[in-house]
Amino acid sequence: MNILFIEDDNIELMKLRRTVSKLKLKHVITEARNGEEALQKLGSDDTLPDIILLDLNMPRMSGIEFLKILKAHDTLKYLPTVILTTSENRADLLECYKIGIAGYVIKPLKYEEYQSKLQKVLAYWEANELVKG
Ligand SMILES: [Mg+2]
């Protein structure tokens, strides 16, 4: 799958890359540092991602602000977006489901648990019919 990973933290970017390569998964990951950069990428790239993994706490444009713009867009609104966050804030969770998400995943602190959780999430999405932009 083509995955757009929107995340401001270098360590988190590294963790996902490491998980994908360690599990020998064939996903192509494009990274954006915040919502603004992600919107630029979505507007300029020829092919859309199959899924978006979205952090919530980011500078410039938060995950929720990005999600609102995405879900109000005529074509981008179809992209399945999975929240990947450390926020256990119930208000965030409810807000995200209300706007429209494909999942809300709390990042485990332990790397092994992170890896096994991400493996399941990515396998689940691989089993799905994707929009194909
Ligand atoms: Mg963050």
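**View 1. E1, H1 and E2 form a right-handed β-α-β unit.** Right-handed here means that, with the strands pointing away from the viewer, the path from the first strand over the helix to the second runs clockwise. Helices (H or I, at least four residues) and strands (E, at least two) are DSSP runs, numbered from the N terminus. The model is a predicted one, in which local features need pLDDT of at least 70 and side-chain atom pairs count only at pLDDT 80 or more, while totals for chains, interfaces and linings use all residues. Residue numbers start from 1 along each chain as its sequence is written. Within the unit, E1 and E2 pair in the parallel sense over five bridges; two strands count as paired if DSSP finds at least two bridges between them. Look for Ile 6, which stands opposite Ala 32 in E2.

**View 2. Strand E1 also pairs with E3.** This pairing is parallel too, over four bridges, and Phe 5 has Leu 53 of E3 as its bridge partner. Four of the five residues of E1 are buried, so the strand is largely enclosed by the rest of the structure. A residue is called buried if 20 or more other C-beta atoms lie within 10 Å of its own, exposed if 12 or fewer, and partly exposed in between, with C-beta atoms placed from the backbone.

**View 3. The largest nonpolar core has 25 residues.** Such a core is a set of buried Ala, Val, Leu, Ile, Met, Phe, Trp, Tyr and Cys residues joined through C-beta atoms within 7 Å. Those with the most contacts inside the core are Leu 4, Ile 6, Ile 52, Leu 53 and Leu 54. Two or more residues each come from strand E1 (2–6), helix H1 (10–22), helix H2 (35–44), strand E3 (51–54), helix H3 (63–71), strand E4 (81–85) and helix H5 (111–126). In soluble globular proteins, nonpolar side chains tend to be buried together. Leaving aside residues up to four places away in sequence, Leu 54 touches Ile 6, Gly 63, Phe 66, Leu 67, Thr 81, Val 82, Ile 83 and Leu 84. Touching means that the C-beta atoms of two residues, placed from the backbone, lie within 7 Å.

**View 4. Asp 55 sits in the loop between E3 and H3.** The unreviewed UniProt entry lists Asp 55 for "modified residue: 4-aspartylphosphate"; UniProt positions follow the numbering used here, feature names are shortened, and annotations may be inferred rather than shown by experiment. Asp 55 is buried, with 25 other C-beta atoms within 10 Å. Its contacts, not counting residues up to four places away in sequence, are Ile 6, Glu 7, Asp 8, Glu 12, Gly 63, Leu 84 and Thr 85. The C-alpha atoms of Asp 55 and Ser 87 are separated by 9.3 Å, although the two are 32 residues apart along the chain. Arg 60 lies in the loop between E3 and H3 as well, but is exposed, with 12 other C-beta atoms within 10 Å. Its phi is near 70°, a positive value in a residue other than glycine.

View 5. An α-helix has 3.6 residues a turn, so residues three or four places apart point the same way.

View 6. In the loop between H1 and strand E2 (28–32) you will find Lys 24, which counts as exposed with 6 C-beta neighbours inside 10 Å. Asp 74, in the loop between H3 and E4, is exposed with 6 other C-beta atoms within 10 Å.
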